[in-house]
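Look at the structure below before reading on. The report that follows covers charged side chains, aromatic rings and a part of the surface.

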Amino acid sequence: MSYLEFAAVAFDALKTNRLRSALTMLGVIIGVAAVILLVSLGEGTKNYVEEQFAGLGANILIVTPGKVETKGGPPLIGAAKHKLTLDDSNVLEKKGYLFGGVAPVVFGAAEVRYGSRSRNVTVLGVTKEFSDVRNIHVEVGNFVTDSDVEAKRRVCMLGRTVKRELFGNANALGQVVKISGARFRVMGIMERKGVSLGFDIDDIVFIPVRTAMDIFDTDALLEILISVRNKNDIDSGKELARSLLFKNHNRHEDFTITNQAAMLSSLFTILDTLTYVLGGIAAISLLVGGIGIMNIMLVTVKERTNEIGIRKAVGAKDRDILLQFLLESTALSAAGGIGGVLAGTLGAGLIRIAVPKLPVAIPPWSIVLAFTFSVFVGIFFGVYPARKAAALHPIEALRYE
């Protein structure tokens with residue numbers, strides 16, 4: 001018999017017991033669909049995190065006060081013994097030939113009041129470079145200018161949430177609000193950015209950095225953000241920033257420079273691990289499906305013992321019988337794999353429609369991997385029943401009732 005004839009006989013055998021074949025394939029279908037769905041959720045989450053970071057600027061180096069060796073993130077706020085100043089920012093800006101922008105940031109929390117309405121919000125003291133470095137722009141009005149910073153003008157830019165809560169639908173431009181009791185004129189309304197990595201960027205008020213230092217009575221910066229012009233110069237830019245600050249701090253490395261891409265890489269490592277673990281757990285159900293295939297194939301060998309005896313009596317070799325049953329188990333798992341791919345793809349589509357906020361992205365490799373593994377399961381668990389069928393003696397097989 002040719003391989004095509006073997007395959008035709010295998011599919012005929014499956015069609016003869018359609019319900020039993022369908023129930024046997026169910027385990028494989030569920031396993032393949034679960035692998036695709038869980039991997040697609042993990043991949044979707046990874047894409048979501050990448051988009052969130054990209055929305056906060058590209059090629060970013062973050063300089064924070066204090067020296068912390070922990071990898072994958074900046075030091076905790078308040079953990080530093082030394083401080084960064086505007087002088088550090090100026091040095092980086094003047095001598096950092098690889099940098100596209102240097103943005104010092106002062107952080108504080110304050111009550112912002114307009115009339116009888118007030119709101120406690122995050123207030124950031126920034127320079128004009130912050131807008132381009134962090135990719136956060138004004139939609140209406142103007143952002144901080146150099147003259148605002150130098151003159152310590154009391155002007156502010158409101159995030160969309162702050163504007164809505166204080167002014168509703170009224171025009172806020174040119175109005176005066178009180179920040180920590182001081183009068184500030186609203187010069188701009190920021191574009192809507194939404195929540196990024198759990199932080200509502202629309203619920204922030206921006207003021208000039210020197211003004212913020214006066215308001216919060218500090219000369220220390222929370223951080224200095226550096227935008228490196230070329231992605232390939234990230235490492236060189238980091239070393240340049242380190243050497244400039246090292247000299248400016250009297251040869252003391254009392255600061256930490258974090259590469260935003262390194263933070264993203266650390267997060268990706270965690271997400272990849274979670275995705276693989278979830279995919280592995282789902283793959284266990286494929287093994288259970290494989291055990292079901294082996295069970296059914298053992299029953300089939302029993303039921304078709306006479307047929308095996310007849311085929312051997314007319315000249316079929318052990319190899320032919322083994323190949324026949326192996327093809328049947330493989331056909332079961334392959335059909336289940338195709339069904340699982342369809343179910344998984346459909347399920348991911350339904351999740352995307354039903355819960356748009358839940359990130360779902362099906363990587364092609366997950367489909368190939370899940371289907372290939374399902375076929376392998378069919379071959380692996382079909383070997384024992386096939387060998388048992390091939391080992392039957394023709395006379396004993398013919399006598400079997």
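Lys46 lies over the face of Phe268, 5.2 Å from the ring centre. A charge sits over a ring here if NZ of Lys or CZ of Arg is within 6 Å of the ring centre and within 35 degrees of the ring normal. This is a predicted model, in which local features need pLDDT of at least 70 and side-chain atom pairs count only at pLDDT 80 or more, while totals for chains, interfaces and linings use all residues. Residues are numbered from 1 along each chain as its sequence is written, and side-chain values use heavy atoms, with hydrogens and water left out.

**Salt bridges**

Side chains of opposite charge can pair when their charged atoms come close. A salt bridge is counted when a side-chain nitrogen of Lys or Arg is within 4 Å of a carboxyl oxygen of Asp or Glu. By this rule there are 17 salt bridges.

| Salt bridge | Closest N and O atoms |
|---|---|
| Lys46 and Asp272 | 3.2 Å |
| Lys83 and Asp219 | 3.0 Å |
| Arg119 and Asp203 | 2.9 Å |

Which parts of the chain does the pair of Lys46 and Asp272 tie together? Lys46 lies in helix 2 (residues 18-54) and Asp272 in helix 9, so the pair ties together parts that are 226 residues apart in sequence. Helices (H or I, at least four residues) and strands (E, at least two) are DSSP runs, numbered from the N terminus. Lys46 is buried, at 18% relative accessibility. Buried means under 20% relative accessible area, exposed over 50%, and partly exposed in between (1.4 Å probe, protein chains only).

Lys83 forms its salt bridge with Asp219. Lys83 lies in the loop between strand 1 (60-65) and helix 3 (86-95), and Asp219 in the loop between helix 7 (209-215) and strand 11 (223-228), so this pair joins parts 136 residues apart in sequence. Lys83 is partly exposed at 42% relative accessibility, and Asp219 is partly exposed with a relative accessible area of 42%.

Arg119 forms a salt bridge with Asp203. Arg119 is in strand 3 (residues 117-126) and Asp203 in the loop between strand 9 (199-200) and strand 10 (204-208), 84 residues apart. Arg119 is partly exposed at 24% relative accessibility, whereas Asp203 is buried at 16%. Elsewhere, salt bridges that share partners join Glu239, Arg242 and Glu253 into one network. The charged end of Arg242 also sits over the ring of Phe246, 5.5 Å from its centre.

**Aromatic pairs**

Rings of Phe, Tyr and Trp (its six-membered ring) pair if their centres lie within 6.5 Å; planes under 30 degrees apart count as stacked, over 60 as edge-to-face and the rest as tilted. The count comes to six aromatic pairs. One of them is the tilted pair of Tyr114 and Phe167, with 4.1 Å centre to centre and 35° between the planes. Tyr114 lies in strand 2 (residues 99-114) and Phe167 in helix 6 (residues 160-167), so the pair ties together parts 53 residues apart in sequence. Is Phe167 buried or exposed? Phe167 is buried, with a relative accessible area of 7%, whereas Tyr114 is partly exposed at 28%. Phe373, Phe376, Phe380 and Phe381 form one aromatic cluster.

**A buried lysine**

Lys312 is found in helix 10 (residues 305-313). Lys312 is buried, with a relative accessible area of 12%.
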